[in-house]
Amino acid sequence: MIVVFSAPLDVDLSGFTKQLWKMKIVHRVVIEQSQVLIVEDEHNAQLVTQLYQHWQQEGELTPELVREVAQIGSNSATENSRAVDFKKIPLVLLLLVSSLLLTLGIDFGQNIELRKLLSITDFDYVGGYNSLNQSLESMQLWRFISPIFMHFSIIHLIFNGLWIWVIGTVIEQQQKSLVLLGIVIFSAISSNIVQYLVSGPYFGGLSGVVYALISYAWLWDKMTEKKLLVVSNALMGFMVVFLVLGYSGLLTRLGLGDIANTAHLSGLVAGLIAAVVLAVVNVTSLKATDK
């Protein structure tokens, strides 16, 4: 919660706050030694500050003035959302750099020894592989996440990297690194395990995580007022169609190679689950703050 301004107790803010509710700006006024107006996010804080300055000068907020100030604030928010602050996206940078280095390290799959070490379980040259229990019992816990860093073609690496950059930077900048880390870990482990159960350990890539970030951002905007505005219905539809085409085998026949379709599907589901859980946590924390 962000404190926007304080006003003397004898100032009647009812007309001003009524206008804020009409604009669907969630806020509250705390009565202490003065009246303190609080909002949820920085963008609304800037908008309310400008409106309050006009209200002090004019004594009222005309519909025309509200639209003008809101439009300026919207344009400013859009510009700020497009700007990337590298200090605020350490996890995105770590994911991209790790994927690049480890993909080059396995030589796009040709370095079998390193690839075996990074796969969810160890495997041999004739098609045999260990169980998940063996990875657990030997405490090789990194194996449940490390497959996401392995890519087997430059197109595979660039495609996933671009989506991590586009979606991941928005989530990390707006919702902090811890939220993004939770989504990445949850989707990586779940998609890796499910894909292993279907195909064994012969897979890799960030695609499951990419699907999780896209579905998370899409559903988050449907469930909350503080939107990410990075995944449209059209994009979500395209990714679902791409998933269906993957299962149909058409993409493989077109020369895109073997596709870990199960990892894509489980990643998508993981992102939806994460959105529901975090949206509930967000609402619960707001209610606790308001008490």
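Helix α8 passes helix α9 in a left-handed crossing. Left-handed means that the near helix is turned anticlockwise from the far one by less than a right angle. The contact involves Tyr 211, Ile 214, Ser 215, Trp 218 and Lys 222 on α8. On α9 it involves Asn 233, Met 236, Met 239, Phe 242 and Leu 243. Contact here means heavy atoms within 4.5 Å. By class, seven of these residues are nonpolar, two polar and one charged.

The model is predicted: local features need pLDDT of at least 70, side-chain atom pairs count only at pLDDT 80 or more, and totals for chains, interfaces and linings use all residues. Residues are numbered from 1 along each chain as its sequence is written, and side-chain values use heavy atoms, with hydrogens and water left out.

**Geometry of the pair**

Two packed helices are described by the angle between their axes and the distance between the axes. For α8 (residues 207-223) and α9 (residues 233-248), the axes come within 10 Å and cross at roughly 145°. Axes are lines fitted to C-alpha atoms, for helices over the stretch in contact, and angles run from 0 to 180 degrees between N-to-C directions.

**The whole chain**

The chain has 11 helices and three strands. Helices (H or I, at least four residues) and strands (E, at least two) are DSSP runs, numbered from the N terminus. From the N terminus, the order is β-α-β-β-α-α-α-α-α-α-α-α-α-α. Of the 291 residues, 42% are buried. Buried means under 20% relative accessible area, with a 1.4 Å probe and protein chains only. Among contacts with a separation of 6 or more, 69% join residues 24 or more positions apart. The chain exposes about 15700 Å², and carbon and sulfur atoms supply 63% of that area. Accessible areas come from the Shrake-Rupley method with a 1.4 Å probe.

| Residue | Relative accessible area |
|---|---|
| Ser 187 | 1% |
| Ala 260 | 19% |

Ser 187 lies in helix α7 (residues 154-199). A polar atom of the Ser 187 side chain lies 3.2 Å from the backbone oxygen of Val 184. Ser 187 also touches Gly 208, Val 209, Ala 212 and Ala 270, leaving aside residues up to four places away in sequence.

Where is Ala 260 found? Ala 260 sits in the loop between α10 (250-256) and α11 (261-290). Ala 260 counts as buried because its relative accessibility is 19%. The C-alpha atoms of Ala 260 and Ser 207 are 8.2 Å apart, although the two residues are 53 residues apart along the chain.

Definitions and conventions: Buried means under 20% relative accessible area, exposed over 50%, partly exposed in between (1.4 Å probe, protein chains only). A polar contact is a pair of N or O atoms within 3.5 Å; within protein, one must be able to donate a hydrogen and the other to accept it, and residues adjacent in sequence count only if both atoms are side-chain atoms. Ala, Val, Leu, Ile, Met, Phe, Trp, Tyr, Cys and Pro count as nonpolar, Asp, Glu, Lys and Arg as charged, and the others, Gly among them, as polar.
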